[in-house]
Amino acid sequence: MEHSPQIGDRLTDKSAPPDDAMIRDWIGPEAFEHWTALRDWIEASYPGVFAPDWIYGGKKHGWSLRYKKSKAFCTFLPEYRAFSAVVVLGAAERQKAGAQRDKLNPRLMALYDEAETYHDGKWLKIGISSAEERQDVTELLALKRPRRAIA
């Protein structure tokens, strides 16, 4: 018997990657506004750099939307009634974050401090339910890769 989805559950039907309508229904209209705003920010800030691709992480992790060029930029996680982004900060980005610590949101820095450091960097999963949290993510992404000048 199928159970009702719980907050934070992932999209695990591997038959096809989700489309915008499915994402909106799953994460909810408010979270979808943040999803589209962050997606639009990436496209405007890094025109032509990324071709996001859906990746399926199995029954446990489900679908996620990955932005990657030569290395991972960020990953969008559509969760039931929630939206999170994963940003991995390598050694160079961790150094930049440390240097700008006083300019970054204290809540974000607390999340950063709590994140375990692995061989490939710190993996930060940031829940996005406000414009302020979305701004935190854009600041981290700008640390990872400077924005392109838009003519």
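This is a predicted model: local features need pLDDT of at least 70, side-chain atom pairs count only at pLDDT 80 or more; totals for chains, interfaces and linings use all residues.
Residues are numbered from 1 along each chain as its sequence is written. Local features need pLDDT of at least 70 and side-chain atom pairs count only at pLDDT 80 or more, while totals for chains, interfaces and linings use all residues; side-chain values use heavy atoms, with hydrogens and water left out.

**View 1. Helix α2 from end to end.** Helix α2 covers residues 29-45 (helices are DSSP runs of H or I with at least four residues, strands are E runs of at least two, both numbered from the N terminus).

**View 2. Where α1 meets α2.** The two axes come within 7 Å and cross at roughly 130° (axes are lines fitted to C-alpha atoms, for helices over the stretch in contact, with angles from 0 to 180 degrees between N-to-C directions). On the α1 side, Asp20, Ile23, Arg24 and Ile27 make the contact, and α2 brings Pro29, Ala31, Phe32, Trp35 and Arg39 (contact means heavy atoms within 4.5 Å).

**View 3. Arginine 81 in its loop.** You'll find Arginine 81 in the loop between β3 and β4. Most residues other than glycine have a negative phi. Arginine 81 isn't a glycine, yet has a positive phi of about 60°. With a relative accessible area of 41%, Arginine 81 counts as partly exposed.

Conventions. The expected span of a helix is 1.5 Å times one less than its number of residues. Buried means under 20% relative accessible area, exposed over 50%, partly exposed in between (1.4 Å probe, protein chains only).
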